[in-house]
Amino acid sequence: MRIVCIGGGPAGLYFGLLMKKLHPDHQVSVVERNRPYDTFGWGVVFSDATMASMQAWDKESADEIQQAFNHWDDIEVLFKGTRQRTSGHGFVGIGRKKLLNILQARCEALGVELKFETDVNSDSDFPDADLIIASDGLNSRIRNKYAKVFEPDLVVRPNRYIWLGTNKPFDAFTFDFRKTEHGWFQAHIYKFDENTSTFIVETTEEAYEAHGLGQMDQQQSIDFCQNLFAETLDGAPLMTNARHLRGSAWLNFSRLICGKWSCFNGQSHVVLMGDAAHTAHFAIGSGTKLAIDDAIELANQFNQAGHTKESIPDVLKTYEDIRRIDVARIQNAARNAMEWFEVVGSRYADTLPPEQFMYSMLTRSQRISHENLRLRDKAWLEGYEHWFAGQSGLAVTENERCLPPMLTPYTLRGTTLANRIVVSPMAMYSAKDGLLDDFHMVHLGARALGGAGLVFGEMTCVAADARITPGCLGLWNDAQTKGWKRFIDFVHANSAAKVGIQLGHAGRKGATKIAWEGIDQPLEDGAWSLLSASALPYLKHSQMPKAMDRADMDRVKADFVAAAKRAAEAGADWLEFHAAHGYLISSFLSPLTNRREDEYGGSHENRARYPLEVFAAIREVWPQDRPISVRLSCHDWTDGGNTPEDAATFANMFKKAGADLIDCSSGQVWKEEKPVYGRLFQTPFSDKIRNEIGIPTIAVGAISEADHANSIIAAGRADLCAVARPHLADPAWVLHEAAKIGLKSVPWPKQYMAAKYQYEANLSRTMAAK
């Protein structure tokens, strides 16, 4: 085949040398606009896994690269006068120029044709090529020419950064955070050869503008950074090798995703590779890794399908299918890390103590979890666990393992939870006339015995016409109050758990069948009238609700107040006000469901007016020594709906009204929603509200193991974790998860102690066998 790689970066060079090595009859050219053995930029970072792949595919170049690598295990964080260090992270760095020089020399040795100082304007410059690799970077002319085919999604991120270097060698991957009168700056620093380190300085657009950095030339920007980080540089100068850039050389990162990676131009097949196809933020240093992995996978597919022109279409399709998955995974982690640095000043730096700030930074991408940190640096993590346990009020003994974050106690007002795991409210659709009966006693009682710190029943409706289905729990009469009291007394007498009652009103989502008979489907018989903020049915064929008038508002508020009094009488330790998921209170908050033109519609203040009125009324009658949380839908997942920013606004309003905690869920407001699911997918909402609004939070959603909960709580992304479906599958989820991480000090019910010892012994045998 005739192969042309447009762009002489890592992707084009490595693919060129691999194809020439695998099939010497290929005619391979790499075309680069810069001069030979010349490049811009400082160092690049690899993972050990990428290096292992390179060893397998071309040992000659890999050996030379490995000899030039600078390897380090430590991460050091400089923050608020502290210097914290952890080990076991396994980075390798190399100068970008050195890397390209090695790949260029290897290409020449194999017979790849290198053409330098050749500016390619179009793929049509190579009409004889069978395959054209568009590895011409973020601003790819080839990709832009076929934009309708490739469907590039390019988002310019808000932060500014400048890529510098210094001749001071750092022995750890160092992050230095400095506060100025206009905001925070951070430096990402790593050594890439014996004498030189990359030194990237990043800040927000607001701080950039306030300091006048946009009006400075390059040298003035360098002088500014040199003065700001003088303590860390210790007299070493900062340097640039980007004098070709005009102005101050501060850049915005551009995140790129493409809908398609290849096309046929009528003569040649064209495929994107490296930064032309996708970008990953430097916060996790994976841009070069992705480029190399692209090259390896495309070469691998030719090896499997055959090095012929006829195989090209199938090869390109398989290449894209395979690489898209890994790229999405890396981009997701990079996005998390990037967003962490974008909000570090407003969200973390001014709120978290240095120890927790360090933990939050280490886990910013969500690829590194609590137990992964234990594998990397056991001593550091156990030191952090001791610190966290001490902050939670536990007496800790040095050199003894203490409770991990999720099992530490948590106090709010006069209520102390034995641990931070919550059994989330989950509809069982098994009540009759709203009564909590023997099923609920067994169901909820088992979860209390299973070790959770707080057990919620399902959404408990404040009136008969407030139910979602005929099978929903209620709290509007004396019999229901007695049922709750019986259950709460049992839990208090037989476990350390506390009991929460979540009060809600179904609104427009009411009068439906129980889930297994048709979820959200309207009742055919026995339906009751519905209320909502506006007269909008949930489904097209759902019952039309009445838009509430003042009399309706007064009645429903009275129902909430009466239910709150009954919850207190029953002995509940915790009350939650349900303002999420499209139910009645939520229908006022979302612009999708609130179309009112009176004082209860329009602005945030108006939409929140009635929800806050009801909340204030129940806060007044609820005992002052017991907490009230508010569940919010923090994202409506559809255009025109509430976003996390809107949720933060409402959270702040509830905070001022006396809410003790925000339970951060999302969705179920609008049937046409398009949620983006994934592990811990709702935790960012909790993180934002907790650390920007300054109110405790519960994280909920796809939290399925102790490692998840410990990571969330230890990083300060939430104060509590609500676990739903895993608790349905395993009533003793907390006890079992504690055993799985080797923690034997967590008490089991005395009646179950024999099972505890056997369970732990079986786990030990399984681990030993592995």
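How close do the axes of helix H17 and helix H19 come, and at what angle do they cross? The axes of helix H17 (residues 478-494) and helix H19 (residues 550-570) come within 8 Å and cross at roughly 35 degrees. Here an axis is a line fitted to C-alpha atoms, for helices over the stretch in contact, and angles run from 0 to 180 degrees between N-to-C directions. Helices (H or I, at least four residues) and strands (E, at least two) are DSSP runs, numbered from the N terminus.

Before going further, please keep in mind that this is a predicted model, in which local features need pLDDT of at least 70 and side-chain atom pairs count only at pLDDT 80 or more, while totals for chains, interfaces and linings use all residues. Residues are numbered from 1 along each chain as its sequence is written, and side-chain values use heavy atoms, with hydrogens and water left out.

## Helix pairs

H17 passes H19 in a right-handed crossing. A crossing is right-handed if the near helix is turned clockwise from the far one by less than a right angle, and left-handed if anticlockwise. On the H17 side, the contact (heavy atoms within 4.5 Å) is made by Asp478, Thr481, Trp484, Lys485 and Ile488, and on the H19 side by Arg566, Glu569 and Ala570. These residues divide into three nonpolar, one polar and four charged. In this sorting, Ala, Val, Leu, Ile, Met, Phe, Trp, Tyr, Cys and Pro count as nonpolar, Asp, Glu, Lys and Arg as charged, and the others, Gly among them, as polar.

Helix H1 (residues 10-22) packs with helix H4 (residues 96-110), and H1 also crosses helix H10 (residues 287-305). H1 and H4 are roughly parallel to each other, a label for angles under 35 degrees, and so are H1 and H10. The crossing of H1 and H4 is left-handed, whereas H1 passes H10 in a right-handed crossing.

| Pair | Angle | Axes |
|---|---|---|
| H1 and H4 | about 25 degrees | 9 Å apart |
| H1 and H10 | roughly 25 degrees | within 8 Å |

Buried means under 20% relative accessible area, exposed over 50%, and partly exposed in between (1.4 Å probe, protein chains only). Leaving aside neighbours within four places in sequence, Phe15 is in contact with residues including Ile3, Cys5, Leu131, Ile133 and Met273.

## Two backbone exceptions

Most residues other than glycine have a negative phi. Lys80, although not a glycine, has a positive phi of about 50 degrees. Lys80 is found in the loop between strand E5 (75-79) and strand E6 (82-86) and is partly exposed, with a relative accessible area of 42%. Phi of Asp234 is likewise positive, near 50 degrees. Asp234 lies in the loop between helix H9 (230-233) and strand E14 (238-239) and is exposed, with a relative accessible area of 63%.

How values were computed. Angles under 35 degrees count as roughly parallel, over 145 as roughly antiparallel, 65 to 115 as roughly perpendicular and the rest as oblique.
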